[in-house]
Amino acid sequence: MDISGKTRLFGLIGSPVEHSKSPAMYNYCFDKWKLDYKYLAFDVDKNQTADAIQAFRTFQMKGANITMPCKQEVLKYLDEISPAARLVGACNTIVNHDGVLTGYITDGEGYIENLRHEGVEVKGKKITLLGAGGVSSAIQAQALLDGAREIAVFNKKDAFWEKAIAKAAAYQKAFPSQKITVYDMDDAERLAAEIRTSDILSNATRVGMHPLENISIITDHSLFRKELVVTDVVYEPEKTKLLQDAEAAGCKTVGGLGMLIYQGAAAAKLYTGLDMPVEEVKEKFFQK
């Protein structure tokens with residue numbers, strides 16, 4: 001590893017980060033592009049966010065990825081925020097523009113680009129989205145920005161319910177010609193009705209991930225008609241039970257691994273202006 005007095009630093013900020021593949025992925029790309037950049041992971045808790053951003057400024061870091069639990073907290077300490085990040089109320093990428101720190105959110109971009117890579121466009125489409133958490137919010141914002149006709153969001157009436165309602169109302173105000181509605185996940189009849197009139201069904205919950213890998217929110221397989229595109233943000237396992245069931249019914253399916261890589265590629269583009277070799281990165285770092 002060559003490090004010079006001119007080497008610029010990038011990093012991952014959040015906790016836990018020790019298992020992240022971001023350092024390997026970005027350092028590989030920086031080497032490939034012959035850029036004098038290095039990328040490290042920094043374990044930072046939410047209450048350390050302010051200190052982390054001050055260190056970012058002190059060390060004149062070039063950029064950083066932000067993961068939980070700092071994605072919302074970090075917005076307080078930035079100079080500028082992109083329209084999408086402001087809409088979502090979270091940031092997963094910071095770029096240092098000559099001392100001006102600008103926050104972006106690339107999760108939604110990763111989701112949309114992953115679909116696009118599989119030949120699926122969201123413009124003019126109706127999406128049923130399972131879950132209303134942070135990833136879901138990013139998907140909602142980017143889908144609306146990219147022209148989705150309607151989004152039906154389903155979430156349990158838990159502690160997050162009121163936030164989901166408020167977020168949807170804010171999105172509806174920002175996109176008055178499009179429609180976004182939040183429904184109770186336990187309303188099976190409404191869920192079935194919305195899926196039947198949707199073009200895309202997406203799981204944005206942890207269901208399907210360990211230890212829930214043998215579970216799917218959708219148990220009525222008659223909802224999987226061949227015209228429906230079924231997607232998942234879960235990337236491990238690469239093919240969740242939801243996707244297995246949908247594929248068996250003849251649906252086109254799109255897993256979450258591509259979203260993970262494409263959101264990283266979007267961040268790399270912000271950092272360098274260069275296009276990440278996505279297939280190369282996927283094969284080198286994400287194939288078992």
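Biologist: Why is N65 called buried?

Modeller: This is a predicted model, in which local features need pLDDT of at least 70 and side-chain atom pairs count only at pLDDT 80 or more, while totals for chains, interfaces and linings use all residues. Residues are numbered from 1 along each chain as its sequence is written, and side-chain values use heavy atoms, with hydrogens and water left out. N65 has a relative accessible area of 6%, and buried means under 20%, with exposed over 50% and partly exposed in between (1.4 Å probe, protein chains only), so N65 is called buried.

Biologist: What makes the pair N65 and Y271 a polar contact?

Modeller: Their side chains come to 3.2 Å, and the term requires a pair of N or O atoms within 3.5 Å, where within protein one must be able to donate a hydrogen and the other to accept it, and residues adjacent in sequence count only if both atoms are side-chain atoms; the pair is therefore counted as a polar contact.

Biologist: How do you know that β11 and β12 pair?

Modeller: Three bridges join strand β11 (residues 229-232) to β12, and two strands pair if DSSP finds at least two bridges between them, so these two are paired, and they run parallel. One of the bridges links V230 to T253 in β12.

Biologist: What makes β9 and β12 edge strands?

Modeller: Six strands form an open sheet in the order β9-β8-β7-β10-β11-β12, with parallel pairing. In that sheet β9 (179-184) and β12 (252-254) each have a single partner strand, so one side of each is left without a neighbour.

Technical notes: Helix = DSSP H or I, 4+ residues; strand = E, 2+ residues; numbered from the N terminus.
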